[in-house]
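This report covers a strand pairing, the nonpolar cores, and the pockets and cavities of one model. The sequence and structure come first.

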Amino acid sequence: MNTALPFPAQLTYAVLWLVGRLPLRWLHALGAALGWLWLRAGFREGKVAAINLRRCFPELGDPQRQHLLSDTMLATGRTALELCWLWTRPAAVVNAGIQVVSGEALFLDAIRAGRGVLIAAPHLGAWEALNLYLSRTSKVAILYRPPRLPWLEQLVNRCRGRFGAEPVRAEAAGVRTLLKRLKDGSVVGILPDQQPKVGEGEFAPFFGQSALTMSLFSKLAQRTGAKVLFAWADRLENGRGFAVQFADFGEISDTTQLNAAIEQLARQAPTQYQWTYKRFGIQPGGAPSPYR
């Protein structure tokens with residue numbers, strides 16, 4: 001690891017490295033235990049997930065929704081600990097654990113077409129594994145919202161970019177970079193279900209709820225003519241790795257179409273979606289947040 005990183009980043013990486021020596025199946029087992037603890041101890045993640053599931057699955061009875069909440073928190077813990085493996089294991093080991101089971105031809109054909117590829121990567125499954133697959137396959141720029149701690153931003157970018165991905169900040173200069181990459185025929189990856197700042201998106205339905213949704217994604221698609229694909233990585237059982245999948249939902253010209261596609265994917269694997277995220281924190285008309 002580059003010693004130019006600040007000391008807190010080096011120390012954190014050392015911990016990640018040590019934990020990452022465990023087999024992936026052990027990390028997933030420990031992660032599930034961590035998620036169970038978060039739920040039983042009443043941590044914020046469990047409370048947020050419970051609110052989201054109540055809003056998004058009103059048709060479920062309380063026992064069904066509680067079962068979904070429990071499975072969601074187990075998956076959340078697995079997401080946290082698998083980072084130690086994905087970010088620190090040798091490239092050959094990580095690559096062997098990431099397979100593509102569906103739609104890879106869509107991605108490779110889009111790259112060969114040379115008109116740019118815009119990847120919508122929702123918070124579904126192991127999105128960090130998806131990033132590593134994309135960057136090992138093609139030149140890719142990944143849009144991200146920087147954390148508050150500068151040293152943490154440096155650490156995350158180093159780990160996410162270790163296979164060659166280019167991290168791009170979600171700011172004006174970053175948008176110009178994405179436009180250039182797409183016009184040059186490269187791949188751009190965006191987490192499209194991040195809640196944008198007020199003024200950077202519009203409200204659109206998501207699971208029957210109004211959700212402030214980024215308008216950047218559809219604008220990039222329209223302005224560049226890039227091929228739009230959705231991608232995610234299923235977490236396989238017993239530490240067998242990750243299965244990347246691609247889907248083509250056709251033209252994505254607005255936030256309603258974007259959310260509809262994300263919802264369809266999330267309904268296919270609801271326990272692997274990130275319900276711990278405050279997706280509905282900003283409400284129309286200045287209404288109070290449901291998470292207060």
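Ala-204 faces Ala-211 of β7. In this predicted model, the pairing of β6 (residues 201–206) with β7 (residues 209–214) is antiparallel and runs over six bridges. The two strands make a hairpin with two residues between them. Phe-207, in the turn, has a positive phi of about 55°.

Phe-207 is also among the contacts of Trp-275 that lie beyond four places in sequence. Trp-275 belongs to the largest nonpolar core, which has 45 residues. Within this core, Trp-275 is one of the six residues that touch the most other members, along with Leu-118, Leu-178, Ile-190, Phe-217 and Phe-230. Another core lies apart from it and holds 41 residues, including Leu-86, Leu-134, Val-187 and Leu-191. In soluble globular proteins, nonpolar side chains tend to be buried together.

| Space | Volume | Lining by class |
|---|---|---|
| Largest pocket | about 1500 Å³ | 24 nonpolar, 14 polar, eight charged |
| Second largest pocket | about 230 Å³ | eight nonpolar, two polar, four charged |
| Largest cavity | about 60 Å³ | four nonpolar, three polar, one charged |

The largest pocket, with a volume of about 1500 Å³, is lined by 46 residues. Those closest to its centre are His-123, Trp-127, Glu-128, Arg-160 and Gln-274. Two or more lining residues come from each of α1 (7–19), α3 (44–56), α4 (62–88), α7 (127–137), β3 (140–144), α8 (150–160) and β5 (187–190). The biggest share is that of α4, which gives seven residues.

Around the second largest pocket there are 14 lining residues. Leu-143, Arg-145, Ala-170, Glu-200 and Leu-216 lie nearest its centre. At least two lining residues are supplied by each of β3, α9 (172–183) and α10 (216–224).

How many cavities of 30 Å³ or more are there? The count is three. The lining of the largest cavity consists of Asn-131, Ile-142, Tyr-144, Asn-157, Arg-160, Gly-161, Ala-165 and Pro-167. Both β3 and α8 give two or more residues to this lining. β3 also gives two or more residues to the lining of the largest pocket and at least two to that of the second largest pocket. Arg-160 lines the largest cavity and is among the residues closest to the centre of the largest pocket.

Technical notes. Residues numbered from 1 in each chain as written. Predicted model: local features only at pLDDT ≥ 70, side-chain atom pairs only at ≥ 80, totals over all residues. Heavy atoms only, no water. Core = buried A, V, L, I, M, F, W, Y, C linked by side-chain atoms within 4.5 Å. Buried < 20%, exposed > 50% of the residue type's maximum accessible area, 1.4 Å probe, protein only. Contact = heavy atoms within 4.5 Å. 1 Å grid on protein atoms, 1.4 Å probe; cavity = no way out; pocket = protein on both sides within 12 Å on 5 of 7 lines; lining within 4 Å. Points joined across faces, edges and corners; volume = space filled by probe spheres on them. Helix = DSSP H or I, 4+ residues; strand = E, 2+ residues; numbered from the N terminus. Nonpolar A, V, L, I, M, F, W, Y, C, P; charged D, E, K, R; others polar. Pairing = 2+ DSSP bridges.
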